[in-house]
Amino acid sequence: MGKPKVASDWLAGCAGCHMSLLDIDERIAQVLDLVELRSTPITDMKHPDKSGVDVGILEGGINNSANEEVAKMMRSRCKLLVAFGDCAVFGGVPAMRNFFTIEESLRRAYIETESTDGSGKIPSDPELAVPTKVRALQDVVPVDFFLPGCPPEADTIFYVLAELGQGRIPELKGNTLHWQ
Amino acid sequence: MVNITINGKTLEVAEGTTVLRAAQAAGIDIPTLCDHPHLTPYGGCRLCLVEVEGARTLQPSCTLPVSNNMVIKTDTKKVLDARKFVLTLLFSERNHFCPYCQVTGGDCELQNAAYHEGMTHWPLSPNYQPYPMDASHPYIIMENNRCILCRRCVRACGELVGNYTLGFEERGANSILVADTGIPLGESSCISCGTCVQVCPTGALIDRWSAYRGKETQVESTKTICVGCSLACGINVLTRNNSLVRIEGDWDAKLNEGVICEIGRFTPMAEKCDRIATPMIKKNGTLKAATWDEALAVIASQIKSSPKDVAALVSSRQPVETISRFAQLFNNKLGADMVTSTEEGQYTRSLAAYAKDQKKSFECNLEDLKSADSVMILEEDLSKDHQVAGFFIKRVLASNVKLLVVDSQENGLGKFANKYLKLSKGSRSEALLALSAAIAKLGIAKGKTKATASELKSLAEKTGLTSDDYLDAAYVIASSEHPVILYKDGADIESIHAIAELINAKMISVKGNANSLASSLLGVEKALNLQGKKVLFVANGDEELSQKSIKEFEKIPFKAVQSAYASSLTSIADVVLPSTDWLEQEGHYISAEGVVNLAKRSLIPAEDLLSPFETLGRLADKLGVKLDDEWTKLVHNRVSPVELSK
């Protein structure tokens with residue numbers, strides 16, 4: 001049996017969780033000894049293999065129709081799905097906008113922002129993804145493992161990847177369990 | 001005693017104990033949120049659910065009293081699942097996103113509880129309903145979105161402080177924490193004691209000054225006393241990198257049991273004063289930086305030229321060590337006759353004289369005030385000064401403790417009183433006589449009264465009130481078993497004592513500054529008379545003096561002032577010495593009830609700062625005077641109005 005295949009992607013997040021992944025530094029070589037890294041936002045391959053991967057990792061919440069598609073594709077192509085970081089686990093910082101209507105958020109972002117020149121305009125091209133309420137990943141697709149943290153610490157990420165790479169389900173508690 | 005079994009462990013506990021307290025005493029951990037050891041059980045959060053044999057459902061252990069042979073289990077799957085479910089519901093209710101909350105990362109009891117249960121996510125997503133947020137208060141932010149409806153703040157506001165400002169509006173999920181009738185907290189009856197902030201388990205009530213300045217794991221904590229007034233409340237001073245983060249009431253302190261007032265908690269944070277960093281000498285009308293040596297040399301030469309013409313004042317906010325050394329240097333060694341404290345003994349002089357006459361202590365301590373069943377407050381506004389003593393009274397008024405307020409000025413506790421005698425100005429002596437006449441008229445006097453029943457009407461009229469007012473007042477204090485009379489100072493002390501004896505009351509004065517009593521015991525309590533004085537030395541430290549006394553100082557030719565902060569006092573001085581403030585120095589304080597406390601240092605002072613204590617030592621060296629510091633014996637030289645204790 002070959003090494004487990006791992007794919008990742010990011011949705012409505014800040015990419016910070018993937019940066020924290022890179023913070024495992026040289027230990028990434030150890031991870032690569034254990035797993036075969038397939039599509040990720042920081043590798044050339046952009047979509048998980050049609051033939052499927054073993055572990056899918058998603059950073060960020062779901063805040064529009066495009067995120068929803070990516071999440072559903074990942075879910076359909078992976079055996080075990082990891083919600084990676086607070087946005088994927090809870091909704092996180094982007095979910096602050098859920099306390100307002102989408103219209104209010106768009107107006108604030110494109111018209112009322114102090115740096116907006118002129119009158120501003122809310123983009124309405126039909127090609128664009130449709131914004132939705134920000135949801136945690138589990139509200140859109142079933143999630144198998146939750147790795148909270150804003151971002152999760154590099155040591156915790158390494159522990160989780162190493163465990164998954166060796167076919168075990170990691171357990172977060174004590175020092176590895178943080179929500180912020 | 002009853003026998004119970006928790007998780008197979010058999011325990012003997014007192015009847016009436018709750019299951020939660022019994023478990024805690026046996027070292028069995030039950031997570032809680034709404035429970036607080038200083039508040040009455042409420043049973044609001046349901047996190048402490050346990051399995052009780054024979055009970056149909058899980059029971060909240062915080063409100064369940066033990067009964068004989070009760071069998072309790074706290075670690076079954078049913079209990080653990082229920083805990084997770086309770087937390088799941090709490091997290092789904094409001095905005096409990098951790099990354100943007102002040103208390104996250106150790107200080108949040110809600111987050112800690114979730115970690116304790118190993119929760120990696122929220123099984124139910126939040127419903128994103130916004131709740132009101134109130135930032136109208138100068139110190140406190142009330143954030144309903146973070147609230148878990150545990151009502152600790154509401155209970156603390158009522159049960160510990162007796163202020164009843166906080167309450168809840170609406171029902172169920174719509175419940176919101178409000179001040180008074182739903183007005184902004186900043187415009188409410190809140191007295192800014194901050195107890196609600198201290199008990200809040202989440203980020204629903206935070207103090208804006210300390211927010212985001214360090215979690216509890218990142219700060220150092222010094223257990224000490226507040227020197228804001230003479231009560232000596234226990235506090236924890238939280239510091240980080242040698243700067244003040246927050247002050248909290250010390251739950252373990254016998255006197256205040258965790259509660260402190262605005263002056264203790266927030267005023268030290270809010271104060272914006274210019275620190276004096278270096279000694280200064282006035283040259284051609286302006287203060288110029290100098291060395292300690294130069295500055296002390298100037299002061300020493302002025303003092304040496306005629307020690308008799310020196311007037312010396314020490315702040316009664318300074319430790320006993322300082323006041324004692326001060327008295328020894330100026331009074332005993334230099335022979336100056338105008339040696340006094342900044343409050344000139346105005347609250348203690350008559351008390352000391354009366355104690356000397358009586359040859360014994362006559363005042364009670366604050367524990368007696370806490371257990372009193374009626375209280376008479378005579379011309380002391382506990383809503384402004386010595387506020388925590390006011391909390392002791394306000395919080396028991398609901399349990400049928402009676403309050404009489406007698407004051408010729410507006411008194412903040414008047415509105416809480418069963419009877420409030422508003423005297424016309426300057427009629428206090430007559431009022432005390434009228435009160436004893438009223439006690440005589442009620443026929444409940446235990447002994448001979450100073451005024452007879454027949455004099456009541458005319459005495460009452462002299463104070464602008466009626467006989468009925470005094471009869472009501474007398475009834476309030478005389479119809480109880482443990483009355484206490486509280487007053488500020490020793491004025492009319494004989495009449496107060498006479499009334500106390502008539503109704504078997506204990507009596508206590510709250511005096512003034514943190515070391516009012518110590519100043520008095522060391523004889524540093526003269527009325528200030530600057531006639532013919534040529535040199536003034538004020539060891540002021542961090543006290544703020546009245547403009548009136550500063551104006552009086554102006555006429556003295558040479559003025560030396562030691563002060564932590566720049567003020568109108570330092571601007572008129574010829575020599576200014578910098579000083580440590582109360583957090584940067586250590587020393588003893590004798591509280592209004594005679595308890596000797598050590599105030600510890602919680603901040604390290606800047607390099608060029610000396611405490612008034614050290615400064616007096618250096619000044620003595622310059623003057624060639626040898627000092628010994630024997631304050632522990634010296635404070636026993638005079639009869640104290642209240643017995644001293646450790």
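Colleague: To begin, is B:Asn242 buried or exposed?

Modeller: B:Asn242 is exposed, because 12 other C-beta atoms lie within 10 Å. The cut-offs are 20 or more other C-beta atoms within 10 Å for buried, 12 or fewer for exposed, and partly exposed in between, with C-beta atoms placed from the backbone. Please note that this is a predicted model, in which local features need pLDDT of at least 70 and side-chain atom pairs count only at pLDDT 80 or more, whereas totals for chains, interfaces and linings use all residues. Residues are numbered from 1 along each chain as its sequence is written, and chains are lettered from A and ligands numbered from 1 in the order in which they are written.

Colleague: Where does B:Asn242 lie, and what is its phi?

Modeller: B:Asn242 lies in the loop between strand 12 (234-240) and strand 13 (243-249) of chain B. Its phi is near 60°, which is positive in a residue other than glycine. Helices (H or I, at least four residues) and strands (E, at least two) are DSSP runs, numbered from the N terminus.

Colleague: And B:Asn284, what is its phi?

Modeller: B:Asn284 is not a glycine either, and its phi is positive at about 50°. B:Asn284 sits in the loop between strand 14 (280-283) and strand 15 (286-289) of chain B. With 5 other C-beta atoms within 10 Å, B:Asn284 is exposed.

Colleague: What does B:Ile485 touch?

Modeller: Not counting residues up to four places away in sequence, B:Ile485 touches B:Met376, B:Leu378, B:Ile496, B:Ile499, B:Ala500, B:Ala505 and B:Met507. Two residues are in contact if their C-beta atoms, placed from the backbone, lie within 7 Å.

Colleague: How do helix 13 and helix 16 of chain B pack?

Modeller: Helix 13 and helix 16 (residues 493-503) of chain B pack at an angle of about 15°, with their axes 10 Å apart. Axes are lines fitted to C-alpha atoms, for helices over the stretch in contact, and angles run from 0 to 180 degrees between N-to-C directions. The two helices are therefore roughly parallel to each other, a label for angles under 35 degrees.

Colleague: Which residues of these two helices meet?

Modeller: From helix 13 of chain B there are B:Ser429, B:Leu432, B:Leu433, B:Leu435, B:Ser436 and B:Ile439, which meet B:Ser495, B:Ile496, B:Ala498, B:Ile499, B:Leu502 and B:Ile503 of helix 16 of chain B. By class, the contact of helix 13 with helix 16 of chain B has 9 nonpolar, 3 polar and no charged residues. Ala, Val, Leu, Ile, Met, Phe, Trp, Tyr, Cys and Pro count as nonpolar, Asp, Glu, Lys and Arg as charged, and the others, Gly among them, as polar.

Colleague: How many residues of helix 4 of chain B are buried?

Modeller: In helix 4 (residues 152-160) of chain B, 8 of the 9 residues are buried, so the helix is mostly covered. Among the buried residues are B:Arg152 and B:Arg155. The cover includes strand 8 (166-169), strand 9 (176-179) and helix 12 (387-394) of chain B. B:Gly162, whose phi is positive and near 70°, follows helix 4 of chain B.

Colleague: Why does B:Val320 count as buried?

Modeller: B:Val320 counts as buried because it has 23 C-beta neighbours inside 10 Å. B:Val320 is in helix 9 (residues 320-333) of chain B. The C-alpha atoms of B:Val320 and B:Ser519 are separated by 7.5 Å, and the two residues are 199 residues apart along the chain.

Colleague: Now chain A: which residues does a cis peptide bond join?

Modeller: The cis peptide bond joins A:Cys150 and A:Pro151, with omega about -10°. A:Pro151 is in the loop between strand 7 (145-147) and helix 6 of chain A.

Colleague: Finally, how many residues does each chain bring to the contact between chains A and B?

Modeller: Chain A contributes 21 residues and chain B contributes 15 residues. On the side of chain A that touches chain B, 12 residues are nonpolar, 5 polar and 4 charged.

Definitions and conventions
Angles under 35 degrees count as roughly parallel, over 145 as roughly antiparallel, 65 to 115 as roughly perpendicular and the rest as oblique.
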